[in-house]
Amino acid sequence: MDKNSYIGVFDSGVGGLTVAKGIMDRLPNENIIYFGDTAHVPYGTRSKRQITRYVLDDVAFLRQYDIKAVVIACNTADSTAREKVEETYPDLPVFGVVHPASEQAARATKNNKIGVIATKATANSQAYDKAIAEINPEATVIDVGCPLLVPLVENGRFKKGDLIPETVVREYLDPLVAQGIDTLILGCTHYPLLTAIIAEAYPQLTIISSSDAAARALREGLQKTDMLSDTPGGDHKYFVSDDAALVEGIAHYFMGKELDGKVEQISVG
């Protein structure tokens with residue numbers, strides 16, 4: 001496997017671009033292919049069988065580029081289908097978002113009370129509960145499904161001073177804070193864009209971004225296996241399965257800047 005091969009990053013939509021951005025910031029020499037399965041977004045409302053089928057199709061597409069690793073930049077996909085990906089592609093290093101964020105939270109909490117906000121599918125899977133329990137058995141994890149947050153972010157409603165996202169955030173988080181959490185995992189790749197609102201409303205919380213945690217874990221994993229790219233630069237490709245124009249129109253929300261390439265629409269499955 002060539003250390004200068006691409007890293008494949010995929011999500012059910014555009015939220016995984018926050019993971020891609022984290023990778024680009026930390027590993028500027030890496031070649032990255034991003035795929036958003038926008039034809040089937042959101043995964044969070046699908047059955048486990050459907051999610052698994054979509055995820056395997058996503059990885060099969062990325063494998064066409066002889067990728068050296070794949071990052072499941074979707075909490076729902078990681079919590080539902082990661083084991084199936086590893087079983088299907090035993091030769092492919094697989095990185096996710098759930099375990100890295102769980103590890104950070106398990107070590108960050110002072111009172112062993114951790115909140116997780118996520119899609120309903122991720123919350124119902126209790127993937128964070130299980131991962132955190134392996135690291136810190138004393139921790140209590142409280143999961144909350146937050147279906148209103150993704151549409152708000154995708155419509156650009158995530159800035160401080162906007163009463164609508166601020167009100168929705170408080171509706172979801174006030175009960176968690178009332179239960180005494182001191183650490184909060186943003187268990188969806190859209191949610192880092194709400195960090196400023198959450199931090200202002202709850203300055204006492206330690207906030208863990210699953211997107212940031214995933215990028216750090218990838219860097220550490222590639223370092224350990226001596227698979228970091230040794231070529232300056234970094235080529236970035238972007239693909240979606242539906243409505244490339246829409247994705248190009250909102251991608252800057254997640255990247256903090258305009259994309260450095262065109263978004264190509266393709267079919268998978």
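**Helix α1 and its surroundings**

Mentor: In this predicted model, helix α1 (residues 17-26) packs against α11 at an angle of about 55 degrees, the two axes being 8 Å apart. Because angles under 35 degrees count as roughly parallel and those from 65 to 115 as roughly perpendicular, this value makes α1 oblique to α11. The crossing of the two helices is right-handed. On the α1 side, the residues that take part are Leu17, Thr18, Lys21 and Met24; they meet Ala251, Phe254 and Met255 of α11. An α-helix has 3.6 residues a turn, so residues three or four places apart point the same way.

Helix α1 is mostly covered, with seven of its ten residues buried. The buried residues are Leu17, Thr18, Val19, Ala20, Gly22, Ile23 and Met24.

The largest nonpolar core has 72 residues, and Ile23 is listed with Val9, Ile117, Leu149, Leu184, Ile185 and Ile198 as having the most contacts inside it. Helix α11 (residues 244-255), the packing partner of α1, supplies the largest share of this core, six residues. In soluble globular proteins, nonpolar side chains tend to be buried together. Apart from this core lies another, of 24 residues, among them Tyr6, Ile51, Val70 and Leu92.

Another residue of the largest core, Ile117, lies in strand β5 (residues 113-118), which runs parallel to β6 and is joined to it by six bridges. Setting aside neighbours within four places in sequence, the contacts of Ile117 include Val144, Leu149, Leu173, Leu184, Ile185 and Ile198.

Strand β5 belongs to an open sheet of four strands with parallel pairing, in the order β6-β5-β7-β8. Its edge strands are β6 (140-145) and β8 (206-209), each of which pairs on one side only. From one strand to the next the twist averages 20 degrees. Helix α8 (residues 163-178) lies across β5, β6 and β7 (183-187), and runs at about 165 degrees to β6. Helix α10 (residues 210-224) also packs on the sheet, where it touches β7 and β8 and makes about 60 degrees with the direction of β8.

Note on methods: Residues numbered from 1 in each chain as written. Predicted model: local features only at pLDDT ≥ 70, side-chain atom pairs only at ≥ 80, totals over all residues. Heavy atoms only, no water. Pairing = 2+ DSSP bridges. Axes fitted to C-alpha atoms, helices over the stretch in contact; angles between N-to-C directions. Contact = heavy atoms within 4.5 Å. Core = buried A, V, L, I, M, F, W, Y, C linked by side-chain atoms within 4.5 Å. Buried < 20%, exposed > 50% of the residue type's maximum accessible area, 1.4 Å probe, protein only. Parallel < 35°, antiparallel > 145°, perpendicular 65-115°, else oblique. Left-handed = near helix turned anticlockwise from the far one by under 90°.
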